[in-house]
Amino acid sequence: MVSPSEALLAILEDVLGDIQKPVSLHEPHFAGQEWLYVKDCLDTGWVSSVGSYVDLFEAQLAKSCGVPHAVLTVNGTAALHIALMLAGVKAGEEVLLPALTFIATANAVFYCNAVPHFVDCEQKTFGMDAQKLAAYLAEVGVKKEGGLYNRKTGQRIAAIVPVHIFGHPVDMDALETVAQDFGLPLVSDAAEALGSLYKESPVTSHGLLSVLSFNGNKIVTTGGGGAILTHDPDLARQAKHLTTTAKVPHRWAFDHDKIGYNYRMPNLNAAFGCAQLEQLGGFLVAKRALAERYEAAFAGSSHFEFFKEPEFAVSNYWLNALLLKDGMDRESVLKGVHEAGYLCRPAWTLMHELPMYKDCPRMDLSVSENLESRILNLPSSAKLGMGINA
Ligand SMILES: *Cc1c(COP(=O)(O)O)cnc(C)c1O
């Protein structure tokens, strides 16, 4: 009998070929104008929060994300923080977000002095289950003047924050219906989903606001960085104002009209981002080719199910994922592949299982709990789909 970890190793060797170990989960790839654009910043002296690359990257990003406005930030968490403020989240209020996500989503809610309220996900997308959310809100929500209130805690529920897990779009139409029915804004955490399409348009063009991350492990990196995306010119203007210390524009006076944040992406990082964004199309092709190879290799597996994009989406396949069969020992599988140099990873510890967030309000999270115990991420760097084996 072949053990599950031996079976997984055989497939990884087959798909990835003779490759240098260790194979990390996701590495950045610099094959464009990165050196040239960064050098230009150094040569001209424009390295900090003002410069032509910041404006250029914003314009190019907005175009590729299907929105008229993009505002760059120092990282994705800062972008989420500001997006939640702009959506009207106030201290003490609750924000609906999935239990299965990276901790930044919950932390950004906490930075608003608001309370994360955890929602279950569906196996089809790994993201928020719109139907389950609607049924839950019908039960715990009370509509009053000023909005929707949680019957149990008495607090206002201020927003819904879906997360496109591993780059796979959630069912945005279904969530928009829930959002409309309950009068809640949708702020989409698209940190992992640059380049993913929902029903033929960029997933980032849906909802009131979307947020991206350009951390080193994301599909496109600026070293560290993030962005706020929106169709609404007034929200975009406020986003720019809040991320630039709320300084009132003036040639020499330093006047600020509220407490703002120093969250603006520096020109140096934006220059890097311009060079990376030019390669996004190639990254997407390479990542899809890799996902197709994985899919074919896992097709007959009795131990593993390869996670495929939902039918309404064209995913960027940021991180490829497997589902282990129920009851399989995930730790021994991880140990086996790590020892062989493949740095596969489980999903994040669920938010309500972390000590900081264990007492937060939540619905039944049984699907998230089951999936969390079975998800395994596979090496997914773009270069693996380009046949670069270094
Ligand atoms: C990466 C990520 C973030 C935060 O981005 P940073 O740039 O690291 O602050 C937020 N949400 C999700 C789901 C992420 O994967």
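Predicted model: local features only at pLDDT ≥ 70, side-chain atom pairs only at ≥ 80, totals over all residues.

User: What cut-off makes a residue exposed?
Analyst: Exposed means over 50% relative accessible area. Asn113 has 55%, so it counts as exposed.

User: Where is Asn113 found?
Analyst: Asn113 is in the loop between α5 and β3, and β3 covers residues 115-119.

User: What is its phi, for Asn113?
Analyst: About 55 degrees. That is a positive phi, although Asn113 is not a glycine.

User: What about Thr245, what is phi there?
Analyst: Thr245 has a phi near 60 degrees. The value is positive, and Thr245 is a residue other than glycine.

User: Which loop is Thr245 in?
Analyst: Thr245 sits in the loop between α8 (233-243) and α9 (267-277).

User: And how does the accessibility of Thr245 come out?
Analyst: Its relative accessible area is 31%, so Thr245 is partly exposed.

User: New topic, peptide bonds. Which residues does the cis one join?
Analyst: Lys21 and Pro22. Omega of that cis bond is about -5 degrees.

User: Where is Pro22 placed?
Analyst: Pro22 lies in the loop between α1 (4-16) and α2 (34-44).

User: Now helices. At what angle do α4 and α5 pack?
Analyst: About 45 degrees, with the axes 9 Å apart. Helix α4 is residues 76-86, and helix α5 is residues 103-111.

User: What do you call that arrangement of α4 and α5?
Analyst: They are oblique to each other. An angle under 35 degrees would count as roughly parallel, and 65 to 115 as roughly perpendicular.

User: Is their crossing left-handed or right-handed?
Analyst: The crossing of α4 and α5 is right-handed.

User: Which residues make the contact?
Analyst: From α4, Thr77, Leu80, His81 and Leu84 take part. From α5, the contact uses Ala104, Thr105, Ala108, Val109 and Tyr111.

User: How many of those are nonpolar, polar or charged?
Analyst: In the contact of α4 with α5, six are nonpolar, three are polar and no residue is charged.

User: Last one, zooming out. What domains does the chain have?
Analyst: The domain assignment gives domain 1 as 4-25 + 280-385, and domain 2 as 34-277.

User: How far apart are the C-alpha centres of domain 1 and domain 2?
Analyst: They lie 25 Å apart.

User: How many residues does each domain put into the contact?
Analyst: Domain 1 gives 41 residues and domain 2 gives 47 residues.

Terms used. Residues numbered from 1 in each chain as written. Heavy atoms only, no water. Axes fitted to C-alpha atoms, helices over the stretch in contact; angles between N-to-C directions. Helix = DSSP H or I, 4+ residues; strand = E, 2+ residues; numbered from the N terminus. Parallel < 35°, antiparallel > 145°, perpendicular 65-115°, else oblique. Left-handed = near helix turned anticlockwise from the far one by under 90°. Contact = heavy atoms within 4.5 Å. Nonpolar A, V, L, I, M, F, W, Y, C, P; charged D, E, K, R; others polar. Buried < 20%, exposed > 50% of the residue type's maximum accessible area, 1.4 Å probe, protein only. Domains from an automatic or database assignment.
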